[in-house]
Structures are given as C-alpha cells and as structure tokens.
4 protein chains.
Amino acid sequence: MRINNAQISAHNELNLNLHTRQFALFSEHLEQKGIDSDNLISQINALQVAIPSWALGTGGTRFGRFPGGGEPRNLEEKIDDVGLIHALTKAAGAISLHIPWDIPKNPGEIKSLAASHGLIFDAVNSNTFQDQSGQLHSYKFGSLCSSDDNSRKLAIDHNIEVIEYGKQLGSKSITVWLADGTSFPGQANFRHNLFRTRDSLKEIYQHLPADWQMFIEYKPYEPNFYSTVIQDWGTSHFLAQSCGEKAYCLVDLGHHLPNTNIEQIVATLLGIGKLGGFHFNDSKYGDDDLSVGSIKPYQLFLIFHELVWGMANNEANNPPIAYMIDASHNLKDPIEDLIQSLEAIRIAHAKALLIDHQALAEAQQNHDPALAQEILQEAFQTDVRPLVREARLRNGAALSPIDCFRELKVRENLIDERGKTTIATGL
Amino acid sequence: MRINNAQISAHNELNLNLHTRQFALFSEHLEQKGIDSDNLISQINALQVAIPSWALGTGGTRFGRFPGGGEPRNLEEKIDDVGLIHALTKAAGAISLHIPWDIPKNPGEIKSLAASHGLIFDAVNSNTFQDQSGQLHSYKFGSLCSSDDNSRKLAIDHNIEVIEYGKQLGSKSITVWLADGTSFPGQANFRHNLFRTRDSLKEIYQHLPADWQMFIEYKPYEPNFYSTVIQDWGTSHFLAQSCGEKAYCLVDLGHHLPNTNIEQIVATLLGIGKLGGFHFNDSKYGDDDLSVGSIKPYQLFLIFHELVWGMANNEANNPPIAYMIDASHNLKDPIEDLIQSLEAIRIAHAKALLIDHQALAEAQQNHDPALAQEILQEAFQTDVRPLVREARLRNGAALSPIDCFRELKVRENLIDERGKTTIATGL
Amino acid sequence: MRINNAQISAHNELNLNLHTRQFALFSEHLEQKGIDSDNLISQINALQVAIPSWALGTGGTRFGRFPGGGEPRNLEEKIDDVGLIHALTKAAGAISLHIPWDIPKNPGEIKSLAASHGLIFDAVNSNTFQDQSGQLHSYKFGSLCSSDDNSRKLAIDHNIEVIEYGKQLGSKSITVWLADGTSFPGQANFRHNLFRTRDSLKEIYQHLPADWQMFIEYKPYEPNFYSTVIQDWGTSHFLAQSCGEKAYCLVDLGHHLPNTNIEQIVATLLGIGKLGGFHFNDSKYGDDDLSVGSIKPYQLFLIFHELVWGMANNEANNPPIAYMIDASHNLKDPIEDLIQSLEAIRIAHAKALLIDHQALAEAQQNHDPALAQEILQEAFQTDVRPLVREARLRNGAALSPIDCFRELKVRENLIDERGKTTIATGL
Amino acid sequence: MRINNAQISAHNELNLNLHTRQFALFSEHLEQKGIDSDNLISQINALQVAIPSWALGTGGTRFGRFPGGGEPRNLEEKIDDVGLIHALTKAAGAISLHIPWDIPKNPGEIKSLAASHGLIFDAVNSNTFQDQSGQLHSYKFGSLCSSDDNSRKLAIDHNIEVIEYGKQLGSKSITVWLADGTSFPGQANFRHNLFRTRDSLKEIYQHLPADWQMFIEYKPYEPNFYSTVIQDWGTSHFLAQSCGEKAYCLVDLGHHLPNTNIEQIVATLLGIGKLGGFHFNDSKYGDDDLSVGSIKPYQLFLIFHELVWGMANNEANNPPIAYMIDASHNLKDPIEDLIQSLEAIRIAHAKALLIDHQALAEAQQNHDPALAQEILQEAFQTDVRPLVREARLRNGAALSPIDCFRELKVRENLIDERGKTTIATGL
C-alpha cells in the first residue's frame with residue numbers, strides 16, 4: 001500500500017479550517033515576539049530522522065513477543081513502510097540499513113525503490129551481536145574485542161562488507177554498535193578487550209571512503225551484564241580519537257546509567273566536534289526502547305536545546321548529526337509508534353527553537369537561575385503543535401499523521417496484503 | 001548420564017588428604033570459639049535449593065542466544081540434569097516445574113524419575129507472560145490484571161490447572177509471577193489493574209489445597225517498561241493479605257530498583273511472617289540473572305544473616321522458605337553455573353551461621369557500629385570452604401563439584417547422548 | 001513588608017489586555033470541547049499547598065551554604081513571607097510548622113498573624129533527626145526506633161508535645177518523618193528497629209485528637225546511608241495499618257530509589273484509602289529538593305492525573321490530601337523558588353484536569369496504548385497558562401507572581417528591613 | 001597522646017602465639033602454591049594510604065551532625081591523630097592537606113611534626129566549594145567555571161596558593177575537586193562552563209612545579225543537583241589531556257552513578273596512563289562516604305585486581321597512584337573508622353595479590369568464565385588476615401589495631417586532653 005497526495009489532501013481538508021485559525025494565532029504570537037515563523041518551519045522541516053530497517057516489525061523481550069499483523073516480509077516491504085511514514089510525516093526521509101538482516105540483493109533496485117518514496121540511505125549498521133546460521137567463528141565471547149583472532153577477523157571483515165553494501169546504496173556512514181563485554185568479573189581482561197577493539201576499529205577505519213564517517217556507539221550494559229567494552233562516551237571518545245578525524249561518537253538516549261545528564265554529554269561532544277550520530281527513544285529503567293518523548297519529554301527538550309544551540313554555535317565544526325529512531329515496538333503498531341516518536345521529536349525541536357538564547361545568556365551571566373528557568377519554561381509550555389502541523393502542511397504531509405493512518409486503515413490494508421502472521425526478518 | 005557413588009568417591013579420594021587436614025584445622029578453630037561444627041553441618045545440609053525446570057538450557061537476551069550443546073530435550077532430561085547437580089552437590093534436592101513448558105505427561109513416572117535422583121517437586125510455576133500457540137485470548141495486554149474478561153479467565157484457569165499438575169507431583173505451593181503491567185503512561189488504569197489482579201488471585205486462592213501455599217512475586221519492570229502491576233513487596237504484601245493466610249510474598253534478588261536494601265525487606269517480611277519464597281541470582285544492573293554470588297557476595301551474606309537469624313527467632317511463625325535459583329545461563333554451561341550458584345549459597349549460609357549473634361546484639365544495644373562491623377567481618381572473612389566441603393562429604397557429594405563435573409566430562413557425555421544442537425524446551 | 005491589593009491590581013492592569021485575549025481564546029477552545037472553564041478554575045483554586053516554616057531561608061548541603069539576604073529572623077517573619085507568597089499566588093493558604101525550630105511563644109498571636117495573611121496551619125512537623133542543645137538523650141542512633149529507652153521516650157514525648165502545639169494553632173495533623181536508620185550493616189537489628197518504631201508510633205497515636213490524622217513519611221536513605229527504618233511505602237503502610245484508621249502514608253516526591261514509578265504508588269495508596277500527605281519537590285539524583293517541576297514536569301503531570309482521577313473516584317474514602325512543598329532553596333531566592341514551584345503545581349494540575357477520562361478509559365479497555373498516549377499528550381501539550389492566570393486573577397492574585405515580586409522589589413525591601421546577613425532559624 | 005613501641009609490643013605479645021600459628025599455616029599454604037609470602041608482605045606494606053586533614057573530626061549531613069569527643073582542635077592535633085593511626089597500622093604514612101581549613105602557619109614545624117610520626121605530605125587539596133568569611137567574590141555559582149571573571153580569578157589564585165603551601169611541605173601534587181555545576185536546567189551554558197574550567201585548569205597547570213602532578217577529580221552530582229562540570233571520567237580525561245602530561249584523572253569510589261563499573265574505569269585509565277589519584281570510601285546510594293569495604297567488599301577486591309595487574313603491566317607508564325581515604329565519619333569514632341578502612345584496603349589488596357594471573361589469562365583466552373570466576377573466588381574466599389597481620393607485625397604495627405586502640409583507651413585520653421565538645425576545624 002502507498003499513500004498518495006490525494007489521500008493526504010483529503011485528510012488535511014477536513015482539519016484545515018481549525019488548523020488555519022490556530023496557526024494564524026500562533027504565528028501572530030510569534031510575530032509579537034519578533035520571531036519569523038517561516039524560518040522556524042524551514043528549520044523544523046530540515047530535520048530528517050532515519051528509520052532503521054529493523055523497526056517495522058513487532059519487537060520483543062527475552063520473555064517473548066506478541067506479534068501484530070501485516071509486518072513487512074522483506075527489505076522491499078520495510079522500505080515501503082518507511083515510505084508510508086514519510087508520506088504521512090515528511091519527517092523520516094532516510095532509512096538506516098541493518099546487515100545481514102537486510103542485505104540488498106539488487107542494490108540498484110532497492111535504491112530506486114527508496115527514491116520513489118523520497119528516501120535516502122543513512123548510516124549502515126553492522127551486526128556482530130548474533131551468530132548467523134553456519135557462522136564458523138562465534139561472537140558469543142566478543143567480536144571486535146575477541147581474544148580469538150578468527151572471531152575478530154570475521155567481525156572486522158563483516159564491518160568492511162557492510163561499508164561495501166552502504167557504498168552501493170549511497171550511504172555515507174557506518175554505525176558500529178558492539179555488544180562486546182562480559183557478564184562475569186574476570187571473564188576477560190578489560191585492557192586487552194579495549195585495545196583489541198581499538199585496533200579492530202582502526203582496521204575498519206582504513207576501509208572507510210574519504211567522504212564517510214564512522215559512528216562509535218556506547219552502552220553500559222545489556223546484552224552483557226557485568227561490563228561492556230564501550231561502556232560510556234569517554235570510552236567511545238577515546239576510540240574515535242584513536243581512529244581519526246572521520247570517527248565520531250554516537251549517543252543513544254537509552255544507553256546510559258540511571259540519572260545520567262545526557263544533555264551535558266551532547267553539549268560536550270558538540271563542543272569538541274565529536275558528535276556524529278544520535279539515536280532517539282525513551283526509557284524509564286534501562287534501554288527500554290520506548291516511543292520517543294513518552295516518558296521524559298522535558299529531557300528531550302533540554303537535549304534539543306543543546307543540539308539547536310550547539311549546531312548554531314558550531315565552533316568545532318561538528319558535522320551534521322545523523323538522527324535515527326532506535327526503539328522497539330512491543331505493544332503498539334510499529335508504524336503508529338514511529339509516527340508518535342516523530343511527532344515528539346518535532347515538538348521538542350520546535351520548542352527548543354523558541355528558546356530566547358540572548359535572554360538566556362544574560363540570565364546565565366547574571367547568575368539568575370530562576371529567570372533562566374522562566375525562559376526555558378516559556379518555550380516548553382508553549383503549545384507548538386500548530387507550528388508543527390503547518391510545517392507538515394507546507395511539506396505535503398498530513399496535519400495529523402496518526403489520525404490519517406487510522407482513517408486510511410493502513411494497517412488493515414497491510415494485513416490484507418501481507419497476512420496476519422508474517423514476521424519481519426531480523427530480531 | 002548419571003553420576004554414581006563410585007565416581008564421587010573416586011573424586012573425593014584424590015582430594016581427601018588435603019581436605020581432612022583443612023577441615024581439622026577449621027573445626028579446631030570453631031571449637032576454640034565454642035562452636036559445634038556438627039551442628040553447623042546439619043544446618044548447612046538442611047538447606048536445599050530447588051532448580052527450576054527452565055534453567056538447564058542456555059539462556060538468552062532479546063539480542064539473541066548462543067546455545068551450547070547437550071541441552072535437555074524434554075522434561076525427563078531436565079530432571080536428569082538436576083539429578084546430576086544434586087549428585088554432585090547434595091544441595092539441590094528439589095525441582096520447580098514450569099507449566100506449560102514442562103507438562104508431565106505421565107506424572108507417576110515423572111515422580112519416580114525424580115525420586116530416583118533424590119528429588120522432590122517444589123513450587124510449580126504458572127506462565128502467563130507468553131501466548132501459547134493457538135491461544136484464543138492473548139496476554140499481550142495483561143493476564144490476571146486484564147481488562148479483557150476472556151484473557152483474565154484464561155489466566156485464572158491456567159493457574160488452577162497448574163495447581164492440579166502440582167498436586168499430581170507432590171508440590172505444595174504455586175508461584176505466581178506476573179509480567180502484567182504497562183509500557184506507556186495511560187496504557188491502563190493502575191487501580192483497576194491492581195484490583196482485578198487481587199480478585200483473580202483470590203479466585204485462584206480458592207482452589208489452593210489446604211496444605212498448599214501461594215507465593216506472589218514482585219518485580220519493578222521488565223518485560224513491561226513503564227509499570228508492573230506488582231511492582232514491589234508492598235504491593236505483593238497487600239495482595240497476600242487480601243488473599244489470606246496461605247498467601248505469601250516471594251522475593252527474587254534481581255527484582256528490585258537500583259540500591260534497594262533487600263536484606264531489610266527480607267527482615268521485614270520474616271518479622272511479619274509473610275516470606276514464602278526466595279529466588280537466588282545476582283545482578284549489577286537489573287534482573288541480570290547472573291550466577292548467585294558472582295557480583296555482590298557480601299549482600300548475599302547479609303541476606304543470609306537475616307534468613308538465619310529470622311528463622312531462628314521466628315516469632316511470627318513464618319513457614320519454611322522455599323528456596324530456588326532463578327538465573328539465566330547465557331555464557332556458562334548451565335550445570336556449571338548452577339553448581340557455582342549452589343556453592344555461593346552454601347558459602348554465604350555457612351558464613352552467616354558463624355555470626356556471633358549475642359555479641360552482635362550487645363554491640364547493637366551499645367550503639368557500637370564499629371564493633372558490629374567487626375563481628376560481621378569476622379564471619380565474612382573466615383574461609384568456610386573446608387566446612388562446606390565437609391558438609392558435602394558427609395552427604396555423599398563431591399568435595400569439589402565443579403572439578404568433578406569436568407573430570408567426569410559430563411557435558412561431553414551429554415553432547416554425545418543428546419547432540420550438539422539440541423535446544424531446551426521453553427524460552 | 002506586605003503586598004496589598006492595590007499593588008497586585010497595578011501589576012495585573014499592565015498585563016490585563018494580553019491576558020484577557022489569551023484567556024478568551026483558551027476558554028473558547030475549552031468550550032468547543034464541552035469543558036466548563038469556570039469549573040476548572042474552581043478546582044484549580046481549591047488546591048492549596050502548605051509552605052513549611054523552614055523553607056523561607058537559604059538551604060544548604062553538607063558542603064556548605066551560600067546565604068542570601070533578608071531572610072526571616074523568627075516565626076513571625078516566616079509567616080510574613082508565606083503571606084507574601086500567598087498574596088501573590090493565592091495558592092499557598094497554609095503554613096506547616098516545624099517544632100522545635102519554630103515554637104510559637106504566643107499561639108494566639110501567631111494564629112492571628114497567620115489569619116491576617118489568610119493562612120491556616122496545616123500539619124505540624126516533629127524533629128527527631130537532630131539533638132537540641134542540652135538534650136539529655138541523643139538521637140544519634142535513632143529516635144522512635146532507638147534501643148535506648150530514654151531516647152525513645154524523649155522522641156515520643158516530643159511528638160506528643162508537637163501535637164499540643166498544633167492543637168493551639170488549629171492544625172489537624174502531625175507529620176512524622178524519621179531519619180532513623182543505620183549507616184552500616186549490622187549496626188542495628190532491622191526487626192527490632194521496625195517493631196520499636198511501630199510501638200512508638202502507636203503510643204503517639206494514642207494522643208492524637210479524634211479529628212486529627214497522623215502522616216507517616218518514608219524515605220530510602222539519607223541521612224543514614226545503609227538503611228532507613230521506614231524505607232518505602234510498604235513499610236509506611238504497615239505502620240499506618242498497625243496504628244489505626246487515623247494513620248496515613250505520606251509521599252514525598254524525592255524519597256524514592258532511582259526510577260521508581262511514583263504515580264503508581266499514589267494510585268495504590270489512593271485506591272486503598274491511605275494517602276494522607278504529599279510533599280512536592282523535584283530531583284534528578286536523590287532527595288535533591290529542587291523546585292517542583294524543574295526536572296521532571298511530565299512525571300508531575302502523571303502524578304496529578306492519579307490525584308485528580310483518584311479523588312474523583314474515591315471509593316475508599318481517602319481523606320483530602322495535605323499538600324506541602326518540601327524543597328531546599330540553595331541557589332534561588334526562596335520566595336521566588338516557592339512561587340515557581342506553585343506555578344508548576346498549578347500547571348500540572350490544570351493539565352491533569354484537561355484529560356478526557358472517558359476517552360482514556362475506552363482506549364484502555366480497547367488495549368490501545370497509542371491512543372491513550374495521544375489523549376495524555378493532548379492535555380499535556382496544551383498551554384494552560386492562560387487558565388492558571390485567570391484562576392489567580394479571579395482570586396485577587398498576580399497574573400505573573402514572579403514578575404510582580406521583582407517589580408515590587410520585595411527582596412530588596414526585605415533586605416532593608418532585616419539586613420543582608422540574617423539567617424533563618426532552623427537548618 | 002602518642003602510642004609508643006612498647007605499647008604496640010605489649011598488645012602484640014598477647015596475641016602472638018595465636019597469630020604465629022595462624023601465619024605459619026597460611027604461609028605453608030602459600031608455599032604449596034609456590035607463592036612467596038615475604039614478597040607479598042613487601043607489596044602489602046608498600047601500599048601507603050594518605051589520610052586527609054579533614055577526616056579526623058565527626059562528619060555530618062545537611063540534616064545535622066552528632067559530634068563525638070576529643071576531636072582535634074588544630075592542624076597539629078590532626079597530624080597527631082594521623083600519627084596514632086599510622087603507629088597502629090603502619091598503613092597511613094601520609095597526610096593530605098586541605099587549604100584553607102588547615103593552612104600551616106609554620107610549615108617547617110608542621111613538616112617536623114609530621115616526620116616525627118613517620119608521615120609525609122601527599123597531595124594538597126584546594127577548596128572552592130565554600131566561601132570563606134569576608135571573601136570578596138562568591139563561589140555560589142561556580143569557581144573555575146564561573147562566568148564571573150573575579151570569582152574565576154580568585155579560584156585560580158587560590159589553587160596557585162595551595163601549590164605554594166604544598167611546596168613548603170614537600171607535597172608533589174595538587175588535587176582539584178570542583179563542586180562547580182548547576183542545580184537547574186538552563187542555569188549555565190554547559191560548553192562555556194567546560195571550556196572556562198579547562199582554561200582555568202591550564203592556568204593553574206602553568207604554576208605546577210616540574211616534578212608535580214595535578215589530579216582532576218570528577219563527580220556526577222552533589223552539591224549541585226542538575227549537573228556537575230566535571231561529571232565523569234571522560235570529562236576529567238578531556239581536561240587532563242588539555243592541560244598536559246602532568247595532569248591526571250582522579251577516581252573517587254563514591255563519585256559515580258548507580259551501577260557504574262568502576263573497576264573498568266580504573267583499568268581504562270591505567271591502560272592509557274592517566275590514573276593519578278584514587279580516593280577510597282564505600283557507598284550504597286550516592287557519595288555516602290562510608291568506611292571502605294563496609295558495603296561492597298567484592299567490588300573493592302575487583303578494583304584492587306585492576307590496580308595490582310595494571311601497575312604490574314604498566315605499559316603506558318602510569319605514575320605511582322596517590323591513594324587516599326575520603327570518607328565521612330558521622331557515627332563511628334573517626335580514628336576507628338579509618339582503621340577499619342585501612343584494614344579493608346589491606347585485605348582487598350592482599351586478596352588481589354593472591355590472584356593467579358597466569359591461570360586467569362588462560363581461562364580468559366579459552367573463554368571459560370566459570371573457571372575465571374573460580375580463580376577470582378579462590379583468592380577472594382581465602383582468609384588473608386594472618387598475612388595482613390604479619391605484614392603489620394614486621395612493620396612494628398599492632399596485630400589488631402582496633403583492639404589496641406580500645407585497649408589503650410585512646411579516645412578517652414584524647415577527650416581528657418582536648419575536651420568533650422571540641423570541634424575539628426573545617427566542615
């Protein structure tokens with residue numbers, strides 16, 4: 001199923017009067033503050049978030065999985081699903097491929113298919129956290145860190161191969177997330193693991209095309225439960241420094257210990273020009289991979305404040321950040337879940353754009369935390385949904401993507417097309 | 001494969017001289033303190049820990065699973081594996097069944113098989129956290145708490161059925177662990193969920209034989225990531241109170257928020273006579289389900305201190321506690337892992353038995369925390385392994401179960417018998 | 001300094017046009033949804049939050065304190081400060097007294113003074129976490145839990161005395177917060193501590209007037225760092241049950257382990273009719289005592305959702321909840337900080353009042369978490385500040401209390417009156 | 001009061017027979033494993049831990065302080081107290097000075113006094129977390145990070161002054177711990193704060209003598225409760241790199257978020273040659289500053305394993321680590337508390353020295369986590385107290401320092417000398 005412009009227009013038509021009135025009031029409100037709403041809308045629409053190819057199916061936990069229906073059965077159908085999301089939101093203009101779950105058999109055709117949805121290929125993702133059927137050397141005890149040269153070589157070669165696939169699709173970056181670590185004290189030597197990982201990454205880095213970037217992701221635990229080789233941004237930064245200028249850190253919101261001040265990490269990495277990628281999700285306990293903004297929307301706003309201000313004051317020449325949603329859709333319809341995540345991102349971004357940076361800088365200089373809080377709250381409390389909707393309207397997307405998705409009975413259609421018991425490839 | 005007495009004896013023979021000398025010194029050391037080693041050994045051997053039927057296979061995470069070889073293919077082989085563990089340790093004299101993964105087709109034969117290994121059947125476990133193939137009403141959005149009467153009834157009936165299976169095998173208790181909860185704010189009404197769960201439990205409780213107990217387990221999160229219906233001991237206690245005298249709380253070491261003082265919960269529940277079951281494992285981050293004592297052995301010792309003192313001063317008539325190991329064996333050989341867990345339990349128990357309660361009570365009365373710490377450390381720093389080995393020796397178990405397991409090439413034998421790629425039924 | 005109606009009116013005059021237009025739009029928006037704004041405003045204005053007598057001075061940490069100026073020098077000036085806050089906000093119509101820091105020498109005069117500000121006396125607070133100068137028996141090792149009968153008796157008598165002070169002022173409840181606990185394993189016997197605390201509370205309870213309530217506060221750690229006698233709501237509930245019908249639990253937002261689902265605790269306690277008091281603050285790490293809503297405004301909204309729905313569906317006859325702000329003002333002007341906290345409470349309350357309970361109940365029944373999230377977000381994203389301002393306007397308070405505070409140069413006036421280096425009595 | 005050799009000898013005499021027999025058995029046990037006990041003892045005795053000058057008085061929390069008696073009234077008496085500890089343990093051969101609490105008026109005399117106790121001066125500590133009486137520019141909103149040039153200059157000058165004091169006493173390093181941070185989102189600009197801190201540290205670094213080191217401490221929160229400028233080792237490492245070769249990171253055990261794998265951080269910093277200082281304490285919740293080893297002795301052992309192995313395989317030329325105990329003695333006698341901490345350090349160190357590194361390396365290479373655990377447990381379960389006592393005996397210290405302290409009625413003597421209500425200078 002594809003959603004065409006006529007369907008979007010029909011949906012928008014129904015809500016247009018109300019929206020027009022609301023947006024008029026909102027833009028008047030902005031005008032009074034001397035803010036140009038057109039400029040805001042350009043910035044909002046410029047932020048495009050990649051959808052990973054593994055996100056279109058129902059996720060699960062170690063305790064099981066409750067599949068929904070109409071899940072995509074192959075890469076083509078996954079791209080179609082991202083296409084649906086992008087048609088509804090015009091906020092998800094990229095797809096992030098996972099290898100080996102989604103190896104493109106015919107890269108040219110896959111690229112055309114994506115292009116037909118207005119999608120490009122963002123970072124490619126390697127997978128060394130599972131053994132593939134028939135794999136000669138296991139990753140059970142590590143991949144890039146492995147003390148077993150064979151496993152290590154396999155993992156390096158796999159990453160190089162992933163770069164090759166990416167080149168064929170027009171990707172410009174590879175994301176390395178390592179499950180490597182230990183579940184028991186003494187299981188491995190921390191230093192050896194770290195240095196072997198560094199050496200492996202450097203080898204992969206040698207195969208990076210000149211215009212590519214490597215993103216090094218960190219995570220404190222899971223699937224290993226005593227230690228992870230790249231446990232925090234400090235380790236990721238050490239490795240990126242070791243590799244070279246094209247290596248950057250990747251921040252995933254769920255990959256932090258309880259109470260971590262993530263916005264400060266974002267500010268630090270941007271300040272030193274080493275923030276390459278950013279994975280959105282939300283969580284209350286660990287790497288819960290819930291819908292973006294569903295648990296801690298204020299934290300998301302504070303992070304966007306750092307992203308907005310940081311890129312606007314980009315003294316360290318940080319490259320444009322590769323944004324992706326990395327969540328698990330265990331209970332909600334995956335497409336609806338991604339739409340809600342995109343909406344939360346848009347809202348947080350729009351609110352961050354409203355922050356009066358000059359007034360804030362003055363309050364900070366005057367050591368006036370009460371006023372600084374008022375300035376942040378002024379932006380956060382503002383209902384920016386008219387602005388976000390207008391941004392979509394101007395881009396040909398749906399005023400309310402989730403309503404439109406339901407009105408068009410997209411899932412029902414997908415079930416008709418694909419069946420009730422399909423299972424997305426991958427996890 | 002079975003391990004016979006002769007094999008155990010042969011192993012013990014080799015290490016007997018060294019052990020005899022070490023134990024002589026140790027018991028002399030105890031004598032000087034006026035402690036009777038025979039008495040300690042009786043207490044150590046009296047503590048038997050159940051092995052759950054799902055623990056004999058390789059565990060996994062949502063990111064995958066790296067199976068080992070020789071895993072049990074059916075309930076009979078699972079019982080055989082527990083039998084191996086018990087032969088080596090004489091510490092695991094019970095098996096805790098999981099329904100529906102391990103439904104006994106012929107209960108009489110299963111009971112005989114277990115008896116031939118010296119095993120009895122401890123608490124039976126229901127499973128409403130997964131849908132079984134062909135299940136008419138899903139547990140995706142809850143079981144005993146469900147707002148869907150059909151799902152709720154199914155879950156109640158399943159628990160009643162589990163009691164029936166247990167009766168046939170001689171079990172005297174049922175453990176109810178609920179995955180029920182929500183992953184998003186607003187997904188369900190907290191109060192309705194709680195009260196429906198209460199009503200469901202009361203219905204199951206009606207079917208509890210007069211000499212049975214019901215254990216109500218709590219857990220703060222996972223597999224749901226916003227809330228769990230029975231999130232803490234307070235909720236478990238409220239439900240147990242609502243059901244009646246035969247309902248008790250069950251503490252699982254891994255089911256707590258970061259930094260929880262678990263030993264205090266144990267003390268409280270024992271003090272009010274409501275501690276029914278106890279699940280051992282260890283963890284650093286969440287419900288990591290690692291080998292007992294592998295991460296926080298001092299916490300384990302402090303918990304055993306509460307268990308030992310609490311049951312010795314059992315004013316509230318708490319029933320004997322049902323002990324079980326509830327861990328996941330993702331990287332180690334499951335049998336070795338369980339042997340190490342049993343050893344850690346034995347060591348913590350033995351050390352707790354060495355605490356000088358009278359001196360401690362005096363230090364407490366005198367508000368002398370430094371001395372209290374000395375008293376605990378005196379017990380904890382003592383190397384009790386000779387005592388633990390002697391307890392095994394007297395019971396016909398191996399001086400060093402893990403060495404014996406490796407010497408006898410048990411896993412190699414099991415692989416020969418069962419094959420390299422078998423997968424344990426269940427998760 | 002007192003703020004009079006004319007000053008408030010002058011401030012409001014300046015902002016009235018803008019407000020009137022904004023509120024008109026907002027109430028029109030409500031009307032379209034069939035919501036009566038007058039009714040909302042009544043509910044908003046009905047929620048009054050007590051200010052504790054220790055909150056008017058600069059707070060500190062164990063590392064020190066950076067005092068501001070113009071701090072109140074005695075109880076009278078503290079009441080004046082609460083009067084200022086109430087004049088500006090009409091949201092803080094009560095004061096919560098701390099004994100012995102703020103013993104009223106002449107209760108009648110103190111009561112009159114408070115009444116002249118429109119203030120009543122809410123729960124009185126006892127203090128057994130510090131030794132007072134010349135105190136014969138120390139609380140160093142516990143108060144109501146103490147193994148020292150003298151200390152325990154002193155603490156009981158102190159609480160009874162606090163009730164007496166409260167009676168003179170018209171209070172109807174006492175809040176018992178205990179620092180009692182241990183900093184080292186073995187320091188005390190958990191069970192004895194718990195049962196002595198229970199017995200002490202029961203003794204105090206005997207002295208509770210018929211129309212009074214006792215609130216039992218819990219906290220997992222600090223100032224003790226290994227255990228707290230009343231570590232969680234389960235323990236608090238056990239104690240309240242032991243005392244009787246007039247004993248209730250008190251929830252303080254900062255008194256939870258990392259990641260605790262506090263809104264669920266609120267729902268549970270309301271569901272069983274045992275939520276007596278509620279202390280507002282915010283925190284990122286521990287009991288940080290920051291301005292309400294400054295860190296986790298969405299959590300605050302979710303909690304208010306439970307409070308609003310719970311009291312509207314009060315099947316268990318929970319009494320009206322005693323609300324108080326319990327924060328520490330280390331960096332901000334205490335009065336400004338409290339004003340910001342009151343604003344955050346008003347906003348969260350107003351948003352919670354906007355939740356469409358019927359639609360939510362349907363989404364819950366239909367197992368539609370995506371829709372449930374939309375319903376919550378619809379309320380949360382709404383900019384309710386016009387409504388909150390109108391509520392103040394109708395009550396004779398300032399449209400923008402913090403602006404009014406600054407325009408009137410209240411702090412500068414207080415410094416003139418009281419000096420730059422005064423220190424509030426108490427901590 | 002001083003403790004002389006005769007007093008130590010008399011104490012040892014009483015326990016010598018038992019000890020001699022126990023140590024003989026222990027060293028025989030070592031011999032059988034091919035371990036040279038003399039070598040172990042040298043290593044144990046070589047590890048000397050500094051006592052900070054602020055540790056000799058009773059500590060407190062923001063809720064108050066329960067002073068003991070006989071606290072040192074000035075720097076001289078603090079040095080005397082460290083002398084007492086060193087006489088009893090011969091494990092605390094250094095004192096770490098805090099400026100401005102303990103400014104030596106006559107450095108020569110102070111140095112002589114320390115030397116008379118066998119003490120040297122380890123790292124000096126600056127204090128910019130408090131305003132001193134009459135201070136012209138406040139640190140309320142930051143010191144080295146301050147946006148106020150005056151405050152920032154004051155803090156830089158203070159650190160330079162601290163170096164000067166240190167030079168006079170023979171110190172070779174300065175520890176910079178910054179309380180700088182924010183308690184509210186928006187209060188300061190993360191990047192500006194970080195870069196100003198970097199620039200301030202670089203300025204201080206310019207004044208570092210050629211043979212000195214600078215230690216940069218990190219901490220995630222407290223006394224600020226939203227962010228700390230140097231929140232983690234990654235930030236500390238960035239700053240140390242920015243300053244130069246003589247700048248190193250300092251790890252304080254209590255300065256980590258819940259569940260942090262600290263031993264891995266130690267391994268990483270040692271692996272890259274940047275671990276300068278290490279502060280011992282223990283904690284369950286936050287920076288609880290409890291006695292070393294009183295809560296998590298196994299973690300301490302694992303950390304010592306990294307320290308021992310890391311320094312024995314010091315490929316990155318990490319300098320000798322400056323060890324210090326940084327705890328708060330709120331309930332115990334400070335001297336007893338420090339003695340217990342030193343004992344826990346000695347025990348953890350001795351156990352770590354027993355780890356069979358070769359066998360462990362093989363188990364790691366063979367991916368045998370069960371065996372690796374056995375190897376660690378073999379060391380950890382060993383009762384090394386005879387070895388630790390022998391190390392003390394050979395060094396002229398007390399077999400049981402805490403017993404000796406009590407036998408000699410040291411505290412009673414100090415109370416006689418100094419009075420019951422003295423308060424240590426500083427906090």
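Residues are numbered from 1 along each chain as its sequence is written, with chains lettered from A and ligands numbered from 1 in the order in which they are written. As the model is predicted, local features need pLDDT of at least 70 and side-chain atom pairs count only at pLDDT 80 or more, while totals for chains, interfaces and linings use all residues.

The model has ipTM 0.97 and pTM 0.98.

Chain A contains 15 helices and eleven strands; helices (H or I, at least four residues) and strands (E, at least two) are DSSP runs, numbered from the N terminus. Its radius of gyration, taken over C-alpha atoms, is 22 Å, close to the 22 Å from the globule rule for 427 residues, so chain A is as compact as a globular protein of that length. The rule is 2.2 Å times the number of residues to the power 0.38. The C-alpha trace spans about 65 × 60 × 40 Å along its principal axes.

Residues are in contact if their C-beta atoms, placed from the backbone, lie within 7 Å. Among contacts in chain A between residues at least 6 apart in sequence, 79% join residues at least 24 apart.

Between chains B and C, 41 residues of chain B contact 41 residues of chain C. Helices of chain B that each supply at least two residues to this side include the following.

| Helix of chain B | Residues |
|---|---|
| α6 | 190-206 |
| α9 | 297-312 |
| α12 | 369-381 |

The largest share, five residues, comes from α12(B).

Key
Contact = placed C-beta atoms within 7 Å.
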